[in-house]
Amino acid sequence: MDIGNNERRMLRAMLSNQSKDWTLEELLTETGWSDQVHVAGSGAVLEEAGLVSVNEFRGTAVSLGEEGKRASKEGLLEARIWDWLLSQKAEDRTMAALSSTLKRHEAGPGVGLLKALGVTLESGVLVAGDESQIASEIKKRSEFINSLSDGPVEQPELDEELVSHFSGRKGLIVLEDRVSRKWSLTKQGVKTDISELEDIETIGEVTPELLQSEAWRDAEFKPFDINAPAPTPSGGRPHPMIALIEMIRSIFLEMGFSEIEGDFIQSAGWNMDALFIPQSHPARTMQDTFYLSEPAQVDVDEKYLDLWEKVHEHGHDTGSKGWGLDFDKEESKKSLLRTHTTVNTVRHIAENPDEPCRVFGIGRVFRQESIDRTHLPEFYQIEGIIHEPEANLPMLISTLRTFYSKMGFPDVRVRPAYFPYTEPSVEVDVLWKGEWLELGGSGIFRPEVTEPLGTEWPVCAWGLGLERLAMLILELDDIRELYQPDLERLGRMPIL
Ligand code: PHE
């Protein structure tokens, strides 16, 4: 039979009395379960299978209130007073003596209860009327309270008069309307062959031990109920951006690249002049770039300043004519917050001009942008180069394709573009939901860039936007959402 062990257990219990309408309590006792969730869950499965019918009906349940719970432990107030009375000689049953044995707030209500039972107060002494009748009434009441001490009881099962009596007393019982259920076997359920209801060995958890033991080969696996309600785990997790950076890092590492880093603060020389960006370029203005007042200048090796001057002014021996403009070395020394991570790869080549390399870096860059849905003044770039004798454009394109397809974007397109430091230059687009989205720039460094660095090998270079990619992966349409410290929203973002 295609049902789980809990259902088998419940059916076995119900088959012990085939025509019974089972209450929750009865099923808990018969199955040995302590949690009613099992009854409700298995009952629902068995109902679905046509073996059990579940009937709901409304009723009133009676349970103990706070006072009632205390009474079930310490005794009802009237019972305690009665016991005290019986233990005293008739002339010692004074109000004063009684008061001293009770808590302060109990004396008044206690006497009220006794009077109603037929005890009178005669010149300060308590006198009982029909003792045996009083004792039996108190006993009935105590038994009533005790009968509720194991949990709620349906009102019709209780003495009507006592329910109404205790309803009039504060805190002793609570009446609650509720829907209760009863479970009974259907005709088909009654026909179930009990010998088929043995527990089956099912495996609910796939452990490394299980996989190693080979026992899984013949095992039956517990089916998953993907519709079962389950709590949403709220444990800690890395920020989605951190997770994404880790993912990108491992992709480049696995593609054979090494990681490099660099400082946020750079000279305009390394950030721009080394890249053959003319000193008059609009991106170099204060409107686009954050220049620093402290330190206002950074030292730059005179050797490079001389080389850039020649390259920028007339091309030096790169075969280029340069920009034909005066080069200002002071401009090169200005300090700024790097505007792209290309500064890192360029400096890496300058430091290792004779070593072929494939390196990447994921780092923050800074530009004067006004913040909107798609722009931030501070964002990440995924930078990389291939610097080796045989580097070429197809190698660049296939590297980017491989990277993006490992990120889940198999459709990559490149378009001709322009950067002052690459020739050819290409822009990289990925296909997302039927649209081509631009994610970065790339190209082969121009000789004006590479020769002052000390290499004649070609360099494939790229700089890709990280936040744009993150927006696609996390399905966001506002870049700011990535950095808002909204734990709930962050918690709902996919785990990468
Ligand atoms: N530095 C360029 C940018 O910030 C990207 C780029 C890097 C382009 C390397 C070509 C080569 O957009």
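**A walk through the predicted model**

At a relative accessibility of 30%, Trp216 counts as partly exposed, because that class covers the values between the limit for buried residues, under 20%, and the limit for exposed residues, over 50%. Trp216 lies in the loop that runs between helix α11 (208-213) and strand β7 (220-221), and together with Val206, Leu211 and Phe221 Trp216 makes a nonpolar surface patch of about 370 Å².

From this patch we turn to the sheet. Three strands form an open sheet in the order β4-β1-β5, and their pairing is antiparallel. Strands β4 (153-154) and β5 (173-185) stand at the edges, each with a single partner strand, so one side of each is left without a neighbour in the sheet. Strand β1 (residues 52-64) is joined to β5 by 13 bridges, the two strands running antiparallel, and within β1 the residue Ala61 stands opposite Glu176 of β5.

Thr60 is also found in strand β1, and with a relative accessible area of 19% Thr60 is classed as buried, because the limit for that class is under 20%. When neighbours within four places in sequence are left aside, Thr60 is in contact with Val153, Glu154, Gln155, Pro156, Leu175, Glu176 and Asp177; of these, Val153 and Glu154 make up the range given for β4, while Leu175, Glu176 and Asp177 fall in the range given for β5. The contact with Asp177 includes a polar one between the two side chains, at 3.0 Å.

Leu77 lies in helix α5 (residues 77-87), and at 13% relative accessibility Leu77 counts as buried. Leaving aside neighbours within four places in sequence, the contacts of Leu77 are with Leu102, Glu106, Pro109, Gly110 and Leu113. Ile245, by comparison, stands 168 residues from Leu77 along the chain, and the C-alpha atoms of the two are separated by 70 Å.

Helix α16 (residues 342-351) is mostly covered, with 8 of its 10 residues buried. The buried residues are Thr342, Val343, Asn344, Thr345, Val346, His348, Ile349 and Ala350. An α-helix has 3.6 residues a turn, so residues three or four places apart point the same way.

Key. Residues numbered from 1 in each chain as written. Predicted model: local features only at pLDDT ≥ 70, side-chain atom pairs only at ≥ 80, totals over all residues. Heavy atoms only, no water. Buried < 20%, exposed > 50% of the residue type's maximum accessible area, 1.4 Å probe, protein only. Helix = DSSP H or I, 4+ residues; strand = E, 2+ residues; numbered from the N terminus. Pairing = 2+ DSSP bridges. Patch = residues over 30% accessible without salt bridge, like charges linked within 9 Å, V, L, I, M, F, W, Y side chains within 5 Å. Areas by Shrake-Rupley, 256 points an atom, 1.4 Å probe, with all protein chains shown as cover. Salt bridge = Lys/Arg side-chain N within 4 Å of Asp/Glu carboxyl O. Contact = heavy atoms within 4.5 Å. Polar contact = N/O pair within 3.5 Å; in protein donor to acceptor, adjacent residues only side chain to side chain.
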